[in-house]
Amino acid sequence: MKLWVYVLRRLILLVPTLIGLTLLVFALEHAGGPSVFLALYINPHLTGSARQQLVDQLTARFHLNDPIYVQYFYWLGAILQGDWGTSAQNGQAVTTNFVWFMPNTIMLTVVASLLTWVISIPIGVYSATRRDSVLDQGVRVATFTLYSMPIFLIGFALFLTFGTSWHLLPAQGNIDDNLLPTLSSKSWFDSNAVSYPTHIYLIDALLHGDVPIAWNAFLHVILPAVALTLALLAGIIRILRVSMLEVLDQDYIRLARAKGVPERTVNNFHAKKNALLPTVTTFGYLVSGLFGGAVVIEEIFGFKGIGWWTTMAFLNSDIAVVMGSTLVFGIVLVLTTLILDILYGFLDPRIRYE
Amino acid sequence: METIKEEKGRFDEWKLSARVFFANRTAVAGLVIFLLFVGDAIIVEVAPGLVGVQYPDSVVPPLFSITHPECVNQAPEPPSFDHPFGTTEYGVPGEGCLDVLQLVMKAIRIDLAISLFVVLVGAAVGTVIGVVSAYIGRLLDEAMMRITDVFFSVPFLILALALSFVLGRTVLNMAWALIIIWWPLYARYGRSLTLSTKEATYIEAAKAAGSGRLKIMFKHIFPNVVPPVLVQISLDVGTVVGIFATLAFIGVIPNALVPELGALANIGLNLAPLGYWWTVIVPGGTITLFSLAVNLMGDGLRDVIDPRRRS
């Protein structure tokens, strides 16, 4: 199969998944009946005739008196037009909330995934090449224990030790609270405590050359990023180690050794690349874990990303944000998986023929 | 691991499996810890007085205001001889404090039951769907694959939040939410296992002998699918406990209506930063120990069914 045929096939497979995803979110939004669905679009503080008027308007707009499959198409139309409802917490459109909070989560997950790879590759490879040595045993015990820890314990243990006990690093929020008054006087900062243009304090401060604020924002990223890394590290190291062990058992490695190629070259040049290849498929698991983990980690560290916002929405019965997050995380995950699958097909031609 | 000799005479499958499993020391350690957890759950269920667990099922404030007789201070006490894991307080000030060890012993029961329930129901439903769709194939199989794709397309912690939002925030509803998330995994696994046995010669023979589809599926394919699924179950129990506790920790079950380990950690959420670290670390550590035990057990079971390792 040519690469473009493979890409095309993957793109076609994307369609039913995306339709299914919207059906799932639609079903979740409508499971509680029309009144729950209307809560997506109506501010709970609105009462009296104004509320009734809005209810009538929305009933007509979403055709709530028509059969459910008709409703789906009107709902899908609204979603495609970017009308995802209004957050009951801050009264802003759900999509506006995503624009504000998503960049922080993306930064956190990108940093955590980079850290995961930088740490796990040498450890996994080293552990496999020295199989059953004391170090390998140590790595196995450590990853097994870390793998068994619930994610909240990893996050909270870091929060307690480095944050509240030793006061080594800030453990709450995206920036020190006492810096907020200084920030509100800056031109790149608005009254909703949102910075421009990227909405990430760290990057925006750097863009505007404000080093002290950038440094403070950077310190606030460290603990959540490390916590998220630790939550995923164990799984990735285990997969890498097994993959490396399988490659080291192959005939061409034996041949290389028999030819007298130094052990180091065999490991780094012959084995490592092939061992890394299958782990690309675990990227999907990594991304799913990153987003799910971000919800918990952001909540523990009060890091204002989309995960934190979703948890707040959940606890405050803000259905519009909870459902919107389900859809938006779904779309991001589907697209990421698509890109990774295409990348994998590009790197390893064998995969295209499966 | 010691080598296992093949027995002469009648080949005893179970004996060999047991020998392979018990030759693995870490797996046995996992089994022992798991049995301790089960024993704890049974004792608390049958004779709560034996371990001094005297708190009612519900930890709603009025019931929980019964102060432990030995507990005199209002602030949580650090681990001591009387309270090996320290004490905690219920969120309301002046309600007195409670022995963390007793709370944990009581909570284990709920976590054990929930995780087994979720994984067993999810595995049973998912595996049957997977086997049937892989054996029938064609449109049914394609539909099953696309449906599971949808469930995999949302990060599971977020899907769990959305589902428990719709179903209602109780322990049982959270278990149903996790089952809805878990069955697709087993459907995929059951499917791939079936595809690899479907073309075997003995299935051809069964077909030639006139066996019906149902008989082939459940009599000839299922026995090949069940052992690997059992291994997966034992590995997943640990994951489910962690996810369930994590959801409870971030407050999915309001007011910690049930003494569950994650909910216990949630009670300590505001206490731990004040220096009472044991209120969160002890329940969290208990989950880790349980998860570790079932993971070790699962690894041992995997060796048992892997023919490369048992020869």
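This is a predicted model: local features need pLDDT of at least 70, side-chain atom pairs count only at pLDDT 80 or more; totals for chains, interfaces and linings use all residues.
Good morning, colleagues. I begin with the overall layout of chain A. The domain assignment divides chain A into domain 1, residues 31-81, and domain 2, residues 94-352. Taken over C-alpha atoms, the centres of domain 1 of chain A and domain 2 of chain A are separated by 38 Å.

Helix α6 of chain A covers residues 134-148, which makes 15 residues. From its first C-alpha to its last, α6(A) reaches 21 Å, close to the 21 Å expected at 1.5 Å a residue. Which residues of α6(A) are buried? They are V139(A), T143(A), Y147(A) and S148(A). Seen down the axis of α6(A), these buried residues fall within an arc of 155°, so they line one face of the helix. An α-helix has 3.6 residues a turn, so residues three or four places apart point the same way. On the face of α6(A) turned away from the buried side, we find the exposed residues V134(A), G138(A) and V141(A).

What covers the buried residues of α6(A)? The cover includes α5 (94-129) and α10 (211-248) of chain A, together with α9 (213-249) and α11 (278-305) of chain B.

That brings us to the contact between the chains. Here 40 residues of chain A are in contact with 34 residues of chain B. On the side of chain B that touches chain A, α5 (138-152), α6 (156-167), α9 and α11 of chain B each supply at least two residues. The residues on that side of chain B comprise 23 nonpolar, nine polar and two charged.

Why does F156(A) count as buried? The reason is that F156(A) has 27 C-beta neighbours inside 10 Å, where the cut-off for a buried residue is 20 or more. Leaving aside neighbours within four places in sequence, F156(A) is in contact with I300(A) in its own chain and with V280(B) and G284(B) in chain B.

Finally, I come to the largest nonpolar core, which has 165 residues. The members touching the most other members are L228(A), V104(B), A160(B), L178(B) and F244(B). Helix α10(A) gives the largest share of this core, 19 residues. For V104(B), the contacts beyond four places in sequence are F85(B), L261(B), L264(B), V282(B), P283(B) and T286(B).

Thank you for your attention.

Note on methods. Residues are numbered from 1 along each chain as its sequence is written. Chains are lettered from A and ligands numbered from 1 in the order in which they are written. Domain bounds come from an automatic or database domain assignment. Helices (H or I, at least four residues) and strands (E, at least two) are DSSP runs, numbered from the N terminus. The expected span of a helix is 1.5 Å times one less than its number of residues. A residue is buried if 20 or more other C-beta atoms lie within 10 Å of its own, exposed if 12 or fewer, and partly exposed in between; C-beta atoms are placed from the backbone. The arc is that of the directions from the helix axis to the C-beta atoms. Two residues are in contact if their C-beta atoms, placed from the backbone, lie within 7 Å. Ala, Val, Leu, Ile, Met, Phe, Trp, Tyr, Cys and Pro count as nonpolar, Asp, Glu, Lys and Arg as charged, and the others, Gly among them, as polar. A nonpolar core is a set of buried Ala, Val, Leu, Ile, Met, Phe, Trp, Tyr and Cys residues joined through C-beta atoms within 7 Å.
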